[in-house]
Amino acid sequence: MLESRKVSMPAKPRIRAVEMFPLNDDAEGSYVLRDPSGLASTVVLPPAVAVLISLMNGRRTLDEICDGFKHSAGQRIAREEVEHLVAQLEELHFLESARFAEYERQQGAAYLALQVRPSAHAGGAYHGEPGELRLQLGELFTCPEGPGLLPWEGNGRHLSEQQGRLCGVISPHIDFRRGGASFAWAYDRVVTESQAKVFVILGTAHTPLKSFYSISRKDFDTPLGTTHTNREFVDALANRLGSHVSMFSDELPHRHEHSIEFQALMLQFVLGGRRDFTIVPILVGSFHPFVNQDRLPLESTEVADFIAALRDTAGAWPKEVCLIGGVDMAHIGPQFGDPDLLDDTRLKLQWTDDQQLLAKALAGDAAAWFRHVGQQGDANRICGLAPMYTLLETLQPQRGELLKYDQAVAEDRSSCVSFAAAAFYE
């Protein structure tokens with residue numbers, strides 16, 4: 001972590017709503033501290049520091065944190081060391097404080113003033129240099145598990161003669177290194193089986209929203225250029241939604257969210273310079289209130305109104321529209337709160353459950369998709385629960401086709417994220 005400057009010292013420090021998890025394959029037992037909002041930079045922590053941070057809940061004084069550390073770690077720590085750590089965390093914007101609130105306000109105002117959303121993950125989750133990035137994304141197609149070269153690269157494939165129009169796909173939003181070929185399988189279908197000019201992207205919101213949906217009017221920059229948002233479509237959707245204005249005034253969650261950025265980047269790679277297209281960026285918030293209440297999201301007026309408005313807007317649009325869901329599935333293992341490391345039996349059970357869940361989606365049955373997860377209390381932490389439900393209810397597809405399923409399993413078996421690519425047809 002960075003050296004700290006002189007900053008005010010909170011009497012009872014409270015860590016913000018950030019993520020802390022073990023660093024895979026690290027012999028020292030280090031942890032990663034990450035802010036989903038992107039307001040604080042990711043840092044790596046020694047195990048002792050991770051213990052101290054876990055004690056910063058806003059109810060303990062610095063002396064009580066020292067005592068808690070002695071109880072948890074079995075060793076003493078000087079108050080001065082805790083003070084130094086708190087000062088570092090404050091400077092790095094990991095603590096809830098007046099200083100952070102002002103920083104958040106300034107960052108938010110600067111972002112809201114932009115017409116174009118800057119790339120948040122270039123140079124990190126993917127290459128920041130266009131040439132290297134094209135090679136990176138091209139390898140998703142040509143790797144052994146990929147679909148192969150895209151049509152313009154000389155393999156001679158043409159639009160398939162599938163019954164029904166391709167109306168939507170799902171693609172992972174996990175990083176490209178782990179998501180690999182699954183991204184390519186989804187976007188191969190976009191190229192070969194769709195003539196769409198407008199792509200409505202439904203991405204998982206990893207930070208809280210004011211409503212269940214947040215719709216951006218900003219264009220999206222990546223190293224491959226600028227992906228333009230179809231503001232006419234957004235305005236038409238807004239007119240249909242009427243009083244649900246909060247869906248259009250909640251821009252900040254888009255600032256660092258990767259679930260839409262990755263899809264916009266893939267569209268640029270497969271269509272850029274070959275077909276004019278625009279996007280409609282929509283983040284979908286947590287549907288856990290419906291899981292907890294044992295009811296379908298469509299029973300909510302807000303959700304029902306949004307889905308009806310999106311369906312009607314897409315149906316009336318003069319150019320072909322395709323929906324894209326940025327969807328991951330299960331998140332299991334100790335990194336996500338489970339007690340035990342993952343063995344082959346547990347991973348096979350997850351495969352079976354995921355296949356059963358996907359079968360309901362491929363049948364176009366949004367209610368069955370949601371009930372499958374709800375009846376388990378979302379024990380497997382399905383990250384794409386809400387955008388997939390929204391996509392299925394909006395499209396009401398006649399059929400779906402599973403293109404690729406995979407699991408990203410940490411070498412130490414502390415975590416597994418599952419994901420899939422699928423295509424949906426009218």
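Rings of Phe, Tyr and Trp (its six-membered ring) pair if their centres lie within 6.5 Å; planes under 30 degrees apart count as stacked, over 60 as edge-to-face and the rest as tilted.

**Figure 1. An aromatic cluster in the predicted model.** Phe-212, Tyr-213, Phe-287, Phe-290, Phe-306, Phe-370 and Tyr-389 are joined into a cluster by ring pairs. The structure holds 15 aromatic pairs. This is a predicted model: local features need pLDDT of at least 70, side-chain atom pairs count only at pLDDT 80 or more, and totals for chains, interfaces and linings use all residues. Residues are numbered from 1 along each chain as its sequence is written, and side-chain values use heavy atoms, with hydrogens and water left out.

**Figure 2. Ring pairs of Phe-176.** A pair of aromatic rings is described by the distance of the centres and the angle of the planes. For Phe-176 and Phe-183, the centres are 4.6 Å apart and the planes are at 50°, so the pair is tilted. Both residues, Phe-176 and Phe-183, are buried (under 20% relative accessible area; exposed is over 50%, partly exposed in between; 1.4 Å probe, protein chains only). For Phe-176 and Phe-262, the centres are 4.9 Å apart and the planes are at 35°, so this pair is tilted. The pair links distant parts of the chain, 86 residues apart: Phe-176 is in helix 6 (residues 176-179) and Phe-262 is in helix 9 (residues 258-271). Helices (H or I, at least four residues) and strands (E, at least two) are DSSP runs, numbered from the N terminus. Phe-262 has 2% relative accessibility, so Phe-262 counts as buried.

**Figure 3. Charges over tyrosine faces.** Lys-218 lies over the face of Tyr-111, 4.9 Å from the ring centre. Arg-399 lies over the face of Tyr-425, at 4.2 Å from the ring centre. The criterion is NZ of Lys or CZ of Arg within 6 Å of the ring centre and within 35 degrees of the ring normal.

Figure 4. Strand 2 (residues 31-34) pairs with strand 3 over three bridges; two strands pair if DSSP finds at least two bridges between them. Val-32 stands opposite Val-44 in strand 3.

**Figure 5. Model confidence.** The average pLDDT (the predictor's confidence in each residue, from 0 to 100) is 92, and 95% of the residues score at least 70. Over residues 153-159 the pLDDT is below 50.

Note on methods: Contact = heavy atoms within 4.5 Å.
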